[in-house]
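Here are a few points for a colleague who is opening this structure for the first time. Please read them with the sequence and the model side by side.

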Amino acid sequence: MLEPPYYTGEFFTTFIKARLDADEIVLAFNTALSDMKADGSLKALLAKYGQSC
């Protein structure tokens, strides 16, 4: 890991819309992400790897 960071930016993920269950996957991902934000586990995970949200 570089200190200071060479570059910082937003994190993105993609899902293939052609999948028949794409809407289901996006909903499950968004639900899990919201739950992680609410219970603090996302912040803890990011902190573990030197990131912040």
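1. With which residue does R19 form a salt bridge? The partner is D21, and in this predicted model the closest N and O atoms of R19 and D21 are 2.8 Å apart. Side chains of opposite charge can pair when their charged atoms come close. The count of salt bridges comes to 1.

2. The surroundings of this pair deserve a look as well. R19 has a relative accessibility of 45% and therefore counts as partly exposed, and D21, at 27%, counts as partly exposed too, because that class lies between the limits of 20% for buried and 50% for exposed.

3. Helix 1 is made up of 18 residues, and from its first C-alpha to its last it reaches 26 Å, which is close to the 26 Å expected at 1.5 Å a residue. Just after helix 1 comes G40, whose phi is positive, at about 85°.

4. The largest pocket has a volume of about 700 Å³. It is lined by 21 residues, of which G9, E10, F11, L46 and S52 are the closest to its centre. Two elements give two or more residues to this lining, namely helix 1 (22–39) and helix 2 (41–48), and the largest share, 3 residues, comes from helix 1.

Conventions: Residues numbered from 1 in each chain as written. Predicted model: local features only at pLDDT ≥ 70, side-chain atom pairs only at ≥ 80, totals over all residues. Heavy atoms only, no water. 1 Å grid on protein atoms, 1.4 Å probe; cavity = no way out; pocket = protein on both sides within 12 Å on 5 of 7 lines; lining within 4 Å. Points joined across faces, edges and corners; volume = space filled by probe spheres on them. Helix = DSSP H or I, 4+ residues; strand = E, 2+ residues; numbered from the N terminus. Expected span 1.5 Å × (residues − 1). Salt bridge = Lys/Arg side-chain N within 4 Å of Asp/Glu carboxyl O. Buried < 20%, exposed > 50% of the residue type's maximum accessible area, 1.4 Å probe, protein only.
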